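Open the model in your viewer and keep the sequence panel beside it. Each stop below says what to select and what is there.

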Amino acid sequence: MAVEGPGKRQNQTMLLEVEGIICDYDGIEVLQEVTLRIGAGEIVGVIGPNGAGKSTLVRAMSRVLRPKLGRALLDGCDLYDAVTAPEAARSIAVVPQESSTTFEFTCQEIILMGRSPHLKRFQVESPQDLTIVKQAMLRTDTWEFRDRLITKLSGGERQRVILARAFAQEPQVLLLDEPTAHLDIGHQIQTMKLVTELDCAVVAAMHDLNLASAYCGRLVLLNCGRIVASGLPEDVLTQEHLEKVYKIPVVAERRNGTWTVLPKMP
C-alpha cells in the first residue's frame with residue numbers, strides 16, 4: 001500500500017522510503033507489506049495502538065532492522081546493501097523510545113557524539129562542532145546539564161539530551177520513537193515545536209494523537225502491522241478509523257483550528 005500525501009513544507013524531493021517491507025521477530029510478522037515514502041522537509045506522524053508496528057517501522061527505516069522482504073531506500077540506494085553505516089549516520093538521526101546509558105559520560109560528551117559521523121578517524125571536534133553542540137543544547141534546554149552525568153538525570157531530562165544529540169548530528173532525516181515519552185506537557189510542546197522547525201524530514205512514531213495532529217502535516221495510521229489510513233490529520237483521525245483501530249468510542253472534530261480527538265467517557 002503506497003502512502004502519499006502533503007506535509008507542512010514544500011520541498012518534496014524523495015529522501016527515505018520503504019517498499020513493501022515485511023519485518024518479523026522470531027518468525028512472527030509485525031509489519032506486513034508496508035510502503036512509505038518520505039520527502040525532504042516532510043513531517044510525518046506514525047500512529048496506532050500498542051503492537052501496531054510503529055517502533056518496528058522506525059527501526060527498519062533507521063538501518064537497525066533489515067526487512068525480511070521488501071526494500072528500504074535512502075536517496076534511491078538500498079539502505080542495507082548500498083549505504084554504509086557511516087553514510088547512514090550522516091543522513092539519519094534516531095531518537096529511540098528508551099535510551100539506557102550506563103557509562104558515566106557527561107551530557108555534553110553524549111551530545112558531542114552526534115558530531116562523530118562528520119569527523120574523520122581520530123579527528124578532534126573543531127570549534128564549529130562545539131558551537132553546533134552548544135546550540136543544540138540551548139535549543140533543548142539542556143545546556144545547564146552540560147557537566148552533569150547522564151546517569152544522574154531523570155527520564156525526561158535524559159530524553160532531551162538524546163534529542164539534542166540528534167539535533168547536533170544535523171541529519172537529513174530525523175526518526176523519532178515516542179519523542180515526548182517521559183516529558184511534561186511543557187517540554188512535549190517545546191519538543192514538537194523544535195522538531196517542526198528543523199531543516200530536515202521527520203518521521204515520528206507517536207501515541208498522542210492530538211500532538212501528532214497539531215504538529216505533523218501527514219499521518220500514517222498502523223494497525224496489526226498494516227497501514228489503515230494515511231493523509232491529512234482530519235482524513236486519518238476520523239471516528240470510523242479510530243473506533244475500528246482503538247476499539248473505543250471517540251469524538252473527532254476541529255477545535256481552535258486543530259483537528260482534535262477525545263475519547264467518549266462512560
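In which sense do β3 and β8 pair, and over how many bridges? Select both strands: β3 and β8 run in the parallel sense, joined over four bridges. Strands pair here if DSSP finds at least two bridges between them. Helices (H or I, at least four residues) and strands (E, at least two) are DSSP runs, numbered from the N terminus.

Two notes before moving on. This is a predicted model, where local features need pLDDT of at least 70 and side-chain atom pairs count only at pLDDT 80 or more, while totals for chains, interfaces and linings use all residues. Residues are numbered from 1 along each chain as its sequence is written, and side-chain values use heavy atoms, with hydrogens and water left out.

**The sheet**

Stay on β3 and pick Ile43. Opposite Ile43 stands Val202 in β8. Now widen the selection to the whole open sheet: six strands, in the order β6-β7-β8-β3-β9-β10, with mixed pairing. β6 (92-95) and β10 (226-231) are at the edges; each has a single partner strand, so one side of each is left without a neighbour in the sheet. Neighbouring strands are turned by 15° against each other on average, direction ignored.

Axes are lines fitted to C-alpha atoms, for helices over the stretch in contact, and angles run from 0 to 180 degrees between N-to-C directions. Then show α9 (residues 239-246): it lies across β3, β9 (218-223) and β10, at about 35° to β9.

**Gln159**

Zoom to Gln159, in helix α5. Is it buried or exposed? At 3% relative accessibility, Gln159 counts as buried. Buried means under 20% relative accessible area, exposed over 50%, and partly exposed in between (1.4 Å probe, protein chains only). Setting aside residues up to four places away in sequence, Gln159 touches Val95, Pro96, Gln97, Glu178, Pro179, Ala181 and Leu183. Contact means heavy atoms within 4.5 Å.

**The cores**

Next, colour the largest nonpolar core, which has 47 residues. A nonpolar core is a set of buried Ala, Val, Leu, Ile, Met, Phe, Trp, Tyr and Cys residues joined through side-chain atoms within 4.5 Å. Ile47, Val161, Phe167, Leu174, Leu176 and Leu237 touch the most other members. The largest share, seven residues, comes from α5. Apart from this core lies another, of 32 residues, including Leu15, Ile38, Val173 and Ala201.

Pick Leu237. Beyond its neighbours within four places in sequence, its contacts are Ile47, Leu209, Ser213, Leu219, Leu242, Ala252, Trp259 and Val261.

**Helix α6**

Select residues 185-197. At 1.5 Å times one less than its number of residues, the 13 residues of α6 should span 18 Å; the end C-alpha atoms are 19 Å apart, which agrees. At the N-terminal end, Asp184 is the cap: a side-chain oxygen lies 3.0 Å from the backbone nitrogen of Gly186. The buried residues of α6 are His187, Gln188, Thr191, Met192, Leu194, Val195 and Thr196. Their cover includes β7 (173-177), β8 (201-205) and α7 (209-215).

Finish with Glu33, in strand β2 (residues 28-39). Its phi is positive, about 55°, although Glu33 is not a glycine. At 47% relative accessibility, Glu33 counts as partly exposed. Then jump to Phe122, in the loop between α3 (107-112) and α4. Phi of Phe122 is positive too, near 70°. At 73% relative accessibility, Phe122 counts as exposed.

Technical notes:
A polar contact is a pair of N or O atoms within 3.5 Å; within protein, one must be able to donate a hydrogen and the other to accept it, and residues adjacent in sequence count only if both atoms are side-chain atoms.
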